[in-house]
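Please read this note with the sequence and the model side by side. The numbered points can be checked one at a time.

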Amino acid sequence: MKTRVKERTVRCEECGFGYIFPIDNRIHAKYHYRYLDATYKFGQLLLYPEREELKQQSWTIFIDECSSDAERIIAVEQLFQSHFSRSVESNNWNLEHPPFETYCLMLLDQKHWKNLLSPWLGLHEALVKKNSNTRSCSSKRAIYGSIPDGKTVWRKPFTLRSKSRRSLHKPTKDGGKSR
Ligand SMILES: [Zn+2]
């Protein structure tokens, strides 16, 4: 007699995907590989519970009057790490997402963060300098566009979206008559 596997709702501990086992195994596998590819490219990416915990810890250090500038820099970067993970996840683990250092510079460009950091003189400059000095902050930064003030999720700019489509429709010798 053939025994049927009992269906149940599960959540993958590694990628955080919730699904019905075994019906959605394939959907999960696809999602899981996208997640793994993203961690391979961007490094560790935090899932929701870890993100919330890190955010809370970082804010506590950030607003503590006794914290040093060095501690505050780490706290802001951890906050950004948390937002970064959420942003990559919101983009369905898209590998075209800007790298972490570029993402930090995009947030630091915002009025929101400039205002938040303004009580601590030199903190904004120190964070910009730190993230500008890394290898992944390339001259390609402009192609990623910007993140609207106060927002933390990156959205692929239209120019980047249409790039692949444009290359499929290169002008032909007859001056594009085929259009
Ligand atoms: Zn998974």
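1. Ser 58 has 20 C-beta neighbours inside 10 Å and therefore counts as buried. The scale is this: a residue is buried if 20 or more other C-beta atoms lie within 10 Å of its own, exposed if 12 or fewer, and partly exposed in between, with C-beta atoms placed from the backbone. Ser 58 belongs to helix 2 (residues 48–63). Leaving aside neighbours within four places in sequence, Ser 58 is in contact with Ala 75, Gln 78 and Leu 79; two residues are in contact if their C-beta atoms, placed from the backbone, lie within 7 Å. The C-alpha atoms of Ser 58 and Ala 75 are separated by 4.6 Å, although the two are 17 residues apart along the chain.

2. A word on the basis. This is a predicted model, in which local features need pLDDT of at least 70 and side-chain atom pairs count only at pLDDT 80 or more, while totals for chains, interfaces and linings use all residues. Residues are numbered from 1 along each chain as its sequence is written.

3. The protein chain has seven helices and two strands, in the order β-β-α-α-α-α-α-α-α from the N terminus on. Helices (H or I, at least four residues) and strands (E, at least two) are DSSP runs, numbered from the N terminus. Of the 179 residues of the protein chain, 21% count as buried. Among contacts between residues at least 6 apart in sequence, 58% join residues at least 24 apart.

4. Between strand 2 (18–21) and helix 1 there is a loop that holds Pro 22. A cis peptide bond, with omega about 0°, joins Phe 21 and Pro 22. Most residues other than glycine have a negative phi, and most peptide bonds are trans.

5. Helix 3 has 22 residues and reaches 31 Å from its first C-alpha to its last, close to the 32 Å expected at 1.5 Å a residue. The expected span is 1.5 Å times one less than the number of residues. The loop between helix 3 and helix 4 includes Asn 92 and Trp 93. Asn 92 is not a glycine, yet has a positive phi of about 55°; Trp 93 also has a positive phi, near 60°. Are these residues buried or exposed? Asn 92 is exposed, with 11 other C-beta atoms within 10 Å, whereas Trp 93 counts as buried, with 21 C-beta neighbours inside 10 Å.

6. Helix 4 (residues 100–108) is mostly covered, with eight of its nine residues buried. Among them are Phe 100, Glu 101 and Thr 102. The buried residues of helix 4 pack against helix 1 (25–42), helix 3, helix 5 (111–117) and helix 6.

7. How does helix 4 lie against helix 3, and what makes the contact? Helix 3 and helix 4 pack at an angle of about 105°, with their axes 10 Å apart; axes are lines fitted to C-alpha atoms, for helices over the stretch in contact, and angles run from 0 to 180 degrees between N-to-C directions. That makes helix 3 roughly perpendicular to helix 4. Angles under 35 degrees count as roughly parallel, over 145 as roughly antiparallel, 65 to 115 as roughly perpendicular and the rest as oblique. Phe 80, Phe 84 and Ser 87 of helix 3 meet Phe 100, Tyr 103, Cys 104 and Leu 107 of helix 4.

8. Helix 4 and helix 6 pack at an angle of about 155°, with their axes 9 Å apart, and are therefore roughly antiparallel to each other. Glu 101, Cys 104, Leu 105 and Leu 108 in helix 4 meet His 124, Leu 127, Val 128, Asn 131 and Ser 132 in helix 6.

9. Helix 3 (residues 69–90) also packs with helix 6 (residues 123–132), at an angle of about 60° and with axes 11 Å apart. These two helices are therefore oblique to each other. Asp 69, Arg 72, Ile 73 and Val 76 in helix 3 meet Leu 123, Ala 126 and Leu 127 in helix 6.
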